[in-house]
Amino acid sequence: MSNPLIGRIVRRLRQEQGMTQQKLASRLGISTSYLNLIEHDQRGVTATLLIKLTEILQVDLAALSGSDERQIEQALRETFADPLLGTAPVPESEAQLLAASAPAAAQAILGLYRAFQAVREETGGITLPSGRKILLPNEETRDFFHQHANHFPEIETAAEALGAELPAASLGMNHALAERLRQKHGLVVSVGPLPGALRIYDPAARHLRLSEILPRESRGFQMAFQLGLLEGRDLIEPIVKAAAMTTPDAASLLRIGLINYFAGAILMPYAPFLAAAASLRHDVEHLAMRFGVSFEQACHRLSTLQRKGARGVPMFFLRVDPAGNVSKRFSAAGFPFARFGGNCPRWVIYAAFAAPGSVRVQIAQLPDGATYLCFARTIVAPAAHWGEPPATRVVAMGCEIGRASEFVYADGIEIEPATVGIGLSCRLCDRPDCRSRAFPPLAHRLNLDIATTSASPYRFEPARSGAIAGDVSRKR
């Protein structure tokens, strides 16, 4: 959050557990009046008190860090900034307060806004040449994974049990997966030409066909996915049903995502992968080689290490194409992705396209001062035939700067001189001198002077105190 309201979070958690101020203060060993000051963010919280709070409230430090509230606050800011809502400027302090004190109410507002977005798209937004209007369910699926911290303990347990039965050490993982499919399910795996597809499963013929253009690690993942489909269905279907997705498409996307999760947990067992990540200091390329997976698969697995009592470093994960379209994203590190617009062009994810195959590193600082170690690398899917451009994307990850020493990518970097100021998106960024700005900020009035050409494409006036956005149509 812009200014973490940890006191508000403590008060909400206390009230959710039905605990009085007096009782919590007594267990903390402080006075009720002092706790009251903390809950109103008029006193700081010491490290000792933080540890006691996690034990008494039975939460981890991440729950008190404000990372979830930061995500909610950012989504609220974007929502309130939509000029089509026709609202008066909403003070930033109110967005903070709502995110910290009433996250359920904030989520309800965001849900209503998503419904509004869907209706807007249905009535005049995404229209195919045929005239048919479509809605994309990916945001609903992303929200589900975020709400579960991208971690599913029951799937981890089942995948670990299955993985323990695979003779991977003696046969190699791919061979072990193929043998499991053959011996337990009577399913034959073959690799060969497969025009227009990468994987085809014929349940009647008990035949799994994989495209010859798939690299070895992708073949292994597809076989692990098939095992998840066959042996994880009874576990995954209740999760999909309980999620109560609003459309069949969203439910299908969720099902595929959970099976992918199952496959990743087979190939990269939790405890060994967590230990390797720590010992290798999160050298993703080395991790990928050790577990026989791709760079992207190793990155995605790092974002799922959220087991209670054995958590990895909280990280964000993002996959983006050259046009700026985000196809995957998740943040356990509190990085506030823009939900309804593009990313900052100064961010390292776009510089990575200029250096294919190499890891690019950046110390990125948001306008509120939050700073992250970010690293990014291109991934290239093979072209199906000569002349077809290969699908090139960038996978990016990052953590809060306080954990940077746990990553090889921070070696040799002087944090302060190397820090680059970025924004969430041009429409939400307050930086006045950005040469890369593509759009004017929603929260400011333009200050155009025909006699002056500035370095930034858009000059603007400072926002009114406390305002984060307003009705743009009234300002112009």
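Which residue in E3 does Gly192 stand opposite? In E3, Gly192 stands opposite Ser211. The model is predicted; local features need pLDDT of at least 70, side-chain atom pairs count only at pLDDT 80 or more, and totals for chains, interfaces and linings use all residues. Residues are numbered from 1 along each chain as its sequence is written, and side-chain values use heavy atoms, with hydrogens and water left out.

Strands (E, at least two residues) and helices (H or I, at least four) are DSSP runs, numbered from the N terminus. Two strands pair if DSSP finds at least two bridges between them. Strands of a sheet pair through backbone hydrogen bonds, either parallel or antiparallel.

Three strands form an open sheet in the order E1-E3-E2, with mixed pairing. Its edge strands are E1 (188-192) and E2 (199-202), each of which pairs on one side only. Neighbouring strands of this sheet are turned by 15° against each other on average, direction ignored. Here axes are lines fitted to C-alpha atoms, for helices over the stretch in contact, and angles run from 0 to 180 degrees between N-to-C directions. E1 and E3 (residues 207-211) run parallel and are joined by five bridges.

Strand E9 (residues 371-381) has nine of its 11 residues buried, so it is largely enclosed by the rest of the structure. Buried means under 20% relative accessible area, exposed over 50%, and partly exposed in between (1.4 Å probe, protein chains only). E9 runs antiparallel to E8 (residues 360-365), with six bridges between them. The bridge partner of Phe375 in E10 is Met397.

The structure holds zero disulfides (pairs of cysteine sulfur atoms within 2.5 Å). For Cys399, the nearest cysteine sulfur is that of Cys374, 8.3 Å away. Cys399 is buried, with a relative accessible area of 0%.

A nonpolar core is a set of buried Ala, Val, Leu, Ile, Met, Phe, Trp, Tyr and Cys residues joined through side-chain atoms within 4.5 Å. The largest has 65 residues, of which Leu258 and Leu302 touch the most other members. Helix H15 (residues 248-267) gives the most to this core, with 11 residues. Leaving aside neighbours within four places in sequence, Leu258 is in contact (heavy atoms within 4.5 Å) with Phe145, Phe152, Ile155, Ile236, Ile239 and Val240. Another core, of 20 residues, lies apart from the largest one and includes Cys344, Val348, Ala370 and Cys374.
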